[in-house]
Structures are given as C-alpha cells and as structure tokens.
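Please take a look at the model below, with the sequence at hand. A short tour of some of its features comes after it.

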Amino acid sequence: MKNEWPLWEIFIRGQHGMSHRHVGSLHAPDAEMAIKNARDVYTRRNEGVSIWVVEANNISASSPSDKGPLYEPSESKVYRHPTFFDIPDEVGAM
Amino acid sequence: MTQDEAFLQFLLRMGDNTLILGHRVSEWCGHAPVLEEDIALANTALDLIGQTQMWLGLAGEVDGGQSADDLAFLRDAWDFRNVLMVEVPNEDFGRTMMRQFLFDAWHSIMLGRLIKSSDERVAAIAAKASKEVAYHLERSSDTVVGLGDGTAESHDRMQAALDYLWPYVGEMFASDEIDAEMAKAGIAPNPADLRAEFDALVQRVLADATLTIPESEFAHKGGRNGKMHTEHLGHLLTQMQWLQRAYPGASW
Amino acid sequence: MYAQMVKSEATNDDPEKLAEFQAKIDADIKIEPKDWMPQGYRKTLIRQIGQHAHSEIVGQLPEGNWITRAPTLERKAILLAKVQDEAGHGLYLYGAAETLGVSRDELTEMLLDGRMKYSSIFNYPTLNWADIGAVGWLVDGAAIMNQVPLQRTSYGPYSRAMIRICKEESFHQRQGYDAIRKMAEGTPEQKKMAQDALNRFWYPSLMMFGPSDKDSVHSAQSMAWKIKINTNDELRQKFVDQTVPQAEYLGLTVPDPDLKWNEERGHYDFSEPDWSEFFDVIKGNGPCNTDRLTARNKAWDDGQWVRDGLLAHAKKKRARHLAAE
C-alpha cells in the first residue's frame, strides 16, 4: 500500500512500579506521533504513567503470549463506565 | 456595569468559546483522515464539552440558578459571547487544525493566568482545563508543523487556512470594559496583555511549519460582546438546540 | 452479528500439521501470529475480523448523525465518547487483523470498493433521538451476545481485542438503555419516539445474527476452529430472551404479535425477520448503504493529503536528524 503510515506496537505502564505491557498497535507517521496517538487511543479511560512505542518491524519475536490488558477509570469521564447508568434490577444483567 | 454583570459576561465568553468549538470539532467524528485522528479529535471535543459544563455551570449559578444546559440550548445567537473564529465552518482538516492551534495557543496562555484568579471557582476550573489544553496545544502545533512542512499540497492548504483564519485572531486579544473590570478584581487578565506571549509562541510554531503570517492586522470582531456574529452561528444553533426547542420542558 | 455470513475457507494443508493445530485448539491453547496455521484459518479470520472492524467504523455514522443534535451537554459527551469507542474498537480489530499479514489500508480499500462487507444493521437510519438509545440497547446488546463468547476465541490477538472491547461495550449498552428509558418515561412525544425506535430496530437487530446456520458447513468449520462459538440461532434466542423483559420494563411493545413465552422450551417464541429484506441490504439495497459508503470514501479521499503530508514531514525530519549526526 503506498504511503501507509508505519505500524507501531504500544506498551504502557499503567501504574508506578509496574512494568510496561503490550496493549496493542496503531499507525503513526513517526515515533512522536505514535506516542501521542497511543495516549489518545489507549489511555481513554486512565492515565498511563508511561508509554513506549516500537515500530512493529523492529520487533523480533519468538512466540508471544500475553493476556489482554484491563484498564482503570478516568475520573472525569465517569459516564464511560457501565455503573454510571442506573439500570433497574428488573431488567436483568446488562 | 457591576462586577457581577461583568463576571457573568466573562464566564459566558469562556464557556461559549468551548461550547461552539467543541461542537465544531465533534462534527469530525467518523469523518477524520485516519482513525487515530478521529479518536484524538473526539478527545479534544470531549474536553471542550466538559469545560463548557464547568464554565456555563458557574455562569448559570451566577445568573440566578440556570443550568449549563439552559444556557447552551435556550439562548439565541445574540446572547452568545464566543469569538467569531470558533463559529466558522471546519472546511478541510487543515483549517480545522489551524483554528485549533490558534485557539489552543490563546487558550493555554489564558488558562495559565486564570489558575491564579482571585476567584477560587475560576481558578479551580482553569487548573483542570489547563492540563487538557496543554495537550491540545501540543497536538495541534505538531499537526500544524507536520502539515505545513509536509508535501507541497499540505503546505498550500495550511497557508490558505492561516490566511483565512488570521483576521479572526485579533478578537481574542481585544479588551473592553468587562475585561477591565475583571482585571481590576484580579479575576482574569486583560486579554491585550496576553498578546506578546501568544505572538512569540505562534511565530515559533508557524516558522517551524514554514508558513507565513499575513501582514494585515485587521481583526473581525463582535462575537465577544454579541454585537456581531457570523451567519454560521445560527445554523449551528439550529442543530444543537433543536430537540430542546421542539420539545420544551422535556427531560432527556 | 458484526461479522455476518463469513464463509470459512477450504483448507488444503499437511494433514499432520492440521491435526496438531486442531489438538492445540481443542486444548484451548491460543494460536499466536507466528504459529503455524492453516491457510483457511488465516483467510477466514482476516475476513471475519476485517468485517467486524469495518462494522465498527461504519457504525460510527448512524450514531455520529446525532452528536451535533444531542439534547443535553451530558448526552452529547456520552454519545461522543461512545462513538469514539467504536473508532477505538475498529482500530483494535484492524490491529488484530494486521497480525495475520494484511495491512489496515488494504482492508480499508476493500471496504471502500465493496469487496468486503460490514454489518447489515448500519445500513438503517437513525431518525429520532430515541434511535440513539435503541442502537445502544439493541444493537450493542446484540453485538455483546456474540462478542462475550469471542473473548475465548482461539486466535490470541483477536481474543485480546475482544476482551478490551467487551470491557468497553457494557458502557455502550447501558447508556443506550438509560437514554431510551428516560424517553419511555417522559412526555407522550418522547414515548412515541421510543416506540418508533423499537419498531424500526427490532427486526434489523434480529438480523444481525445472520440467517440460521445450524446446518452450515462453513459454520461447523469455524466452530471447530473456535472462531465462532455459538450458532446464530442460539445467540438470537438468547438476545430475545434477554431483551423482551427489558422492553416490558420500559412499557414498550415489541413489534411482534406472535411473541410469547413458551413455558415448555423455557424461551420466547418469536417471528423470524424478513430474510429477503436482509439479503437486499447485504446486496447494497438497504436504506443507507450508498450514503454510508459515500461518507467513508469521502473521509478517506479527503484525508489523503493529510496522511501524505504528515508522513512526508516525518521523513524530512528523520533525514534532517540523520544529516545532523
């Protein structure tokens, strides 16, 4: 594909004291924009403490295995969280 | 004009800017040039809507118990106090980002001063908003530089955007008796005093973007005092306020 | 579902490797990008994940249609955050598909020129504000039915994308129900909007699961590979059973005169949607097919100079950096 932005793998340290963790990938023209995009894409519900980006074709892999990440709420966007909406018991799980 | 009246006008100016610009930016949702930009623009719009809730919430309180929604959805064009620049249509992505950059530059400097406001409520809103806006500015200046210094086409489009928007810059720094009243009370700075810092910032970024600042110092005005708006505002309000106007008193 | 009628590809691989592969899947060991996999598995997954990703992207449009008209600042923020999540979900899914050796731009081109499909549901219009509630409640509700089991799918990157998506999706359904509930409990006009939304979205939601596939060979292969976990009929029944009491709570009427609880089966009996309408929509004749693809094509074409410009700048910057060293 002509002129496709490179693919970057994104690693985020969610809390102090934790290691960086692979959260997914995205496209960006360069490393700086990749970091900004990662902030917008992968920390919508929390503030990651630190972000690493690595251009995907610079990664050498054996055989990966990792469970998907879970993430924590952002304080100011409570409506993103299911419990923000009061759902009556009668209607069942949602 | 009493200080309370001036204070209300000041709050409307802050809140209407973020309301109208947030609306404009939200129009991009689902239509941006690339997914990552779509998500980033939505974040900017969300921050602006959140700030609107705070500014207009406070304005409503000062104005005798109206809600932020009452102010956003039930005023007519002449009651709006935003600068004209935020009303103009998005046009292409270049103009949208150039407007964002010019607004962010003013906004970040303004909020930096408001953090030290003598009014605690204003200082608290500014403290929260300034963190968001620092990031908006970082992102919009990178994009302006990237597109200005990109291809010949992107450069030309950014120069055209700058030429179009520049006459709307001056209004952000026009000071009137309301501003004087706010400055006297230590609530907000006099906008004219922010201009030098703004010019330094904008000149640096636009130089990196290889763009030329137009020489004309002409400035459209009227939005901040409601004496003049663009024709675009009415159309924007027609959309934004439609449900509230068509079904008065309903709760959503 | 977001991925409807995905045909599984015939596979023509070394029987020994195939047996080994199937044994891994049977033992619930995830398949990762660098692992050996049958060509058919790879191709089917690209088609399925791609279609799911496209659905998220096109799915931004019917809801985005109301962002500028949301009736309160809070509803506006909620809706914008929700539609933004859809873009995020599309992004995660494209990322998962990219691990299979196809690029996002390639997938995008295939969406834009009609070679790849997206869910039929997004070819229906959102006509009143209650539709935004209905989309969250019914459309996301139906999607969740399928996505929750897919968290256990055999392909690692797909499974991880699903886990992330499911975590966000519950917010979507709840905000939708909350929005439509407010209207169902509101003025007569609002109640009318809510009922109108349910009337229009009920059958298209049932169609999301796709036609019955209990005898389908493709479906059997996909289930053996654990890239499809339940049959379409199972999921549809589950959706109806869950949704009917929710509609009753709202005081809204499901537009199906034959809907009734079957004590013996322990499930609701319900009418099938009009499958000829479904096939029309799939073929491009839904109310909004043309508009949706036009909008996506416009966004892509109008964005070309931006993508090119930012990339050109990145290259110049790197060159300057290297020259300075």
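What follows is a short report on chain C, a helix pair, the cysteines and some loop residues.

## About the model

This is a predicted model, in which local features need pLDDT of at least 70 and side-chain atom pairs count only at pLDDT 80 or more, while totals for chains, interfaces and linings use all residues. Residues are numbered from 1 along each chain as its sequence is written, chains are lettered from A and ligands numbered from 1 in the order in which they are written, and side-chain values use heavy atoms, with hydrogens and water left out.

## Chain C as a whole

Let us begin with the overall make-up of chain C, which comes to 12 helices and two strands. Helices (H or I, at least four residues) and strands (E, at least two) are DSSP runs, numbered from the N terminus. Along the sequence, the order is α-α-α-α-α-α-α-α-α-α-β-β-α-α.

The C-alpha trace of chain C spans about 70 × 50 × 35 Å along its principal axes. Of the 325 residues, 62% count as buried, where buried means under 20% relative accessible area, exposed over 50% and partly exposed in between (1.4 Å probe, protein chains only). Contacts are heavy atoms within 4.5 Å; among those in chain C between residues at least 6 apart in sequence, 80% join residues at least 24 apart.

## A residue in helix H4 of chain C

Ala77(C) sits in helix H4 (residues 73-98) of chain C. Is Ala77(C) buried or exposed? Ala77(C) is buried, because its relative accessibility is 4%. Between Ala77(C) and Asn199(C) there are 122 residues in sequence and 27 Å in space, C-alpha to C-alpha.

## Two crossing helices in chain B

Two packed helices are described by the angle between their axes and the distance between the axes. In chain B, the axes of helix H1 (residues 3-26) and helix H9 (residues 231-240) come within 12 Å and cross at roughly 75 degrees. Axes here are lines fitted to C-alpha atoms, for helices over the stretch in contact, with angles running from 0 to 180 degrees between N-to-C directions. H1(B) is therefore roughly perpendicular to H9(B) (under 35 degrees is roughly parallel, over 145 roughly antiparallel, 65 to 115 roughly perpendicular and the rest oblique).

On the H1(B) side, the contact is made by Leu19(B), Ile20(B), His23(B) and Arg24(B), and on the H9(B) side by His232(B), Leu233(B), Leu236(B), Gln239(B) and Met240(B). These residues divide into five nonpolar, three polar and one charged. Here Ala, Val, Leu, Ile, Met, Phe, Trp, Tyr, Cys and Pro count as nonpolar, Asp, Glu, Lys and Arg as charged, and the others, Gly among them, as polar.

## Cysteines

Cys29(B) is buried at 6% relative accessibility, and Cys288(C) is buried with a relative accessible area of 8%.

## Positive phi in two loops

Thr210(B) is not a glycine, yet has a positive phi of about 55 degrees. Thr210(B) is in the loop between helix H8 (195-208) and H9 of chain B and is partly exposed, at 38% relative accessible area.

Asp28(C), also a residue other than glycine, has a positive phi near 60 degrees. Asp28(C) lies in the loop between helix H1 (15-26) and helix H2 (39-58) of chain C, and counts as exposed at 55% relative accessibility.
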